[in-house]
Structure formats: C-alpha cells, structure tokens
Amino acid sequence: IVYKNSFLYVCMTTKYNYARMFKNVFGSGFLVRTAHVILTWVITLILFLHDTDLRRQEETGELTLPVLFVLLVLVSVLLYFAVSLMDPGFVLSDDCDLQFTLGIAEETQDMIPQTTKSIRLRRCGHCLVQQPMRSKHCQTCQHCVRRYDHHCPWIENCIGERNHRWFVLYLAVQLVVLLWGLYMAWSGFSHAPTWQLWLRTNGVLLGAAAAVVVLSLTVLLLLGSHLYLVSLNTTTWEFMSRHRISYLKHCGADENPFDRGILRNLWSFFCIWEPVVWEHVYFKQGNDTI
C-alpha cells in the first residue's frame, strides 16, 4: 500500500509541476522571459556579425569555438527557463493529507529528537497552510515556499528548496558566457583615425559590450553572495531578516543553528537531493523553543 501511495504521490506532484510550468510559460513573467531571450540572442548575433574572433574563426572554417560558444549560450537559456518555470518548493494545501496517507508524518516525528522543547507550528496567515521551518509566504507567487531564499524578478519566480541549486548553476554558466562574450566583443573593436569615425564603426558593438559589462557585474555579485550564503547554510531572507524570524531572533549575532561546516554545507546543497527536516537540524543544535 505504501509503494502504491508513493507512486500516486509522485504522479500527483509531477502532474502539478507540469501544469504549473505550462501555465507559467504564458503567465505574468512572459514579457520578462521573452526580453531575456531576445537580449541574449541579439548580443550573440552582434558578436557574430562584427569582426570578432568568433566571426574570423567561422570564416576560416575553424568552427570549434563558435559552436561551443553557441552551445554554452543555449545551455544558459535552457537553465534560465528551468529555474524560471519549475516549482521552487511550494507548500501545497494538501501536503498534510498526503503525508498522513504515506505515513510520512510518523516518520518525520521519529526524526525529531524527544526533548522538553516544543515546536510551535506556524500557520500562514495568507494561504492558511502549516509552514515548515525555513519556509515563507511569497506575496508575488501567493504561495508558501520551502527554504525560501528570495523572489527573483529577473526569472519571475521564487528561489527555494527545489530550484536554488539550479539557480546557482545558472548564474555560474551565465557568468562564463558573459565573460567569454566580453572577450569576443573586445576582439572585434577596429581602429579608426578619429573618435567620431570609431564610434560610427564600433557603436553597436560598444553598446553590446556595455550591456555585457553591466550584466557580468550583476551576475558576479549574485553568484558570489549566494555561494557565501550557501557555505553558511543560510538564505537571503534569513540573512536580511533574522531579527524578525521566530527561530533565529533568539540566536546570537554569529550563531546559525543550521550551519554544519563549509564543506558539509556545500556538499548537502549541491549533492543531496532529498528534502531536509530542518526541525531536526535545529533541535540537534540545542536551541530554545520556537
């Protein structure tokens, strides 16, 4: 019965994720995603139309680097859509019923040590679901999100438990694409006797390079900040609002109940895919009642 119910649960969640993904393609973020894709391929086209290393190698028949560059751009676009359209870890209204059906509630309770402390279950005042620890309601998505990090207007989706690692991977790939594109743009600037003639000749390429510089700095800052927070096993929301979060405001300024060391934090973030019972981690550290 358990295996049958587990299969039913997987089917239901998969059906929900595909339905949400199809809805999101033409949802409120359609214009943002369209603008991102258009900007990406317009800049790529500019790099191939001007006299850059990409075009010179293409004209001489050396297609290895041009093909690799286009494939990397394509991978970055696919990762962008994956992070943008996938379920970030929404707490569904029927989660509790499904958990009791599968017997997960008893298993979860066994994982939490028996102590004199008690867990004060929080119920969301907006969607009225019981919030697991580290979850938060997103006003834009109108859902509670597990291990909520932030709502990203760039991808028009929340960053949470299910898509956070993919978001970091996307940032890393996007940064490589941008830096490579910046190098190619630099290789395409041609010399001219006057500034007016130089701007007339390289104006479009200069505009593309300027956009790439701004995007590169933005992505670099985002990637660096997220890797730093991941190494501490904390989220953007917890880092910015710990004084207002019930399970953190009683901790010391440098105390993080979820920190298990840099290597273990990075390993669990990138390599462990199973959901974590954060109540278990919290109480194992011996914190006060929440």
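The model is a predicted one. The protein chain contains 11 helices and six strands. It has 290 residues, of which 41% count as buried. The accessible surface of the protein chain comes to about 16700 Å², and carbon and sulfur atoms account for 66% of that area. Contacts also say something about how the chain is arranged. Among the contacts in the protein chain with a separation of 6 or more, 66% are between residues 24 or more positions apart.

The largest nonpolar core has 33 residues, and the members that touch the most others are Leu 47, Ile 155 and Phe 167. The elements that give two or more residues to this core are α2 (30–49), α4, α7 and α8 (195–231). Helix α7 provides the largest share of this core, with 10 residues. The surroundings of Leu 47 can be listed in detail. With its neighbours within four places in sequence left aside, Leu 47 is in contact with Thr 52, Leu 54, Phe 69, Gly 181, Met 184, Ala 185 and Leu 205. Another core lies apart from the largest one; this other core has 18 residues, including Tyr 247, Trp 278, Tyr 282 and Phe 283.

The buried residues of α4 are Pro 66, Phe 69, Val 73, Ser 76, Val 77, Leu 79, Tyr 80, Val 83, Ser 84 and Leu 85. One of these, Phe 69, is also among the contacts of Leu 47.

Helix α7 spans residues 164–187 and includes Leu 178. Is Leu 178 buried or exposed? Its relative accessibility is 9%, and therefore Leu 178 counts as buried, the cut-off for buried being under 20%. Leaving aside neighbours within four places in sequence, Leu 178 is in contact with Val 212, Leu 215, Ser 216 and Val 219. Leu 178 and Val 219 are 41 residues apart in sequence, and their C-alpha atoms are 9.0 Å apart in space.

Helix α8 holds His 226. This histidine has a relative accessible area of 3%, so His 226 is buried. Not counting residues up to four places away in sequence, His 226 touches Asp 149, His 150, His 164, Phe 167, Val 168, Leu 171 and Thr 236. Phe 167, in this list, is also one of the residues that touch the most other members of the largest core.

The aromatic rings come next. A search of the whole structure finds 15 aromatic pairs. Why is the pair of Tyr 80 and Phe 81 edge-to-face? The ring centres are 5.6 Å apart and the planes are at 85°, so the pair is edge-to-face, since planes over 60 degrees apart count as such. Tyr 80 has a relative accessible area of 0% and is buried, whereas Phe 81, with 28%, is partly exposed. Phe 269 and Phe 270 also form an edge-to-face pair, with 4.8 Å centre to centre and 85° between the planes. Phe 269 is buried, with a relative accessible area of 9%, while Phe 270 is partly exposed, with 33%. Ring pairs also link Tyr 80, Phe 81, Trp 154 and Tyr 170 into a cluster.

A charged residue, Arg 165, lies over two rings in turn. Its charged end sits over the ring of Phe 269, 6.0 Å from the centre of that ring. Arg 165 also lies over the face of Trp 273, at 4.3 Å from the ring centre.

Finally, the backbone deserves attention. Most residues other than glycine have a negative phi. Arg 134 is not a glycine, yet it has a positive phi of about 80°. Arg 134 is found in the loop between β2 (130–131) and β3 (136–138), and it is buried, with a relative accessible area of 0%. Glu 156, also not a glycine, has a positive phi of about 55°. The place of Glu 156 is in the loop between β5 (150–152) and β6 (157–159).

Notes: Residues are numbered from 1 along each chain as its sequence is written. This is a predicted model: local features need pLDDT of at least 70, side-chain atom pairs count only at pLDDT 80 or more; totals for chains, interfaces and linings use all residues. Side-chain values use heavy atoms; hydrogens and water are left out. Rings of Phe, Tyr and Trp (its six-membered ring) pair if their centres lie within 6.5 Å; planes under 30 degrees apart count as stacked, over 60 as edge-to-face and the rest as tilted. Buried means under 20% relative accessible area, exposed over 50%, partly exposed in between (1.4 Å probe, protein chains only). A charge sits over a ring if NZ of Lys or CZ of Arg is within 6 Å of the ring centre and within 35 degrees of the ring normal. Helices (H or I, at least four residues) and strands (E, at least two) are DSSP runs, numbered from the N terminus. Contact means heavy atoms within 4.5 Å. Accessible areas come from the Shrake-Rupley method with a 1.4 Å probe; for residues, only the protein chains shown count as cover. A nonpolar core is a set of buried Ala, Val, Leu, Ile, Met, Phe, Trp, Tyr and Cys residues joined through side-chain atoms within 4.5 Å.
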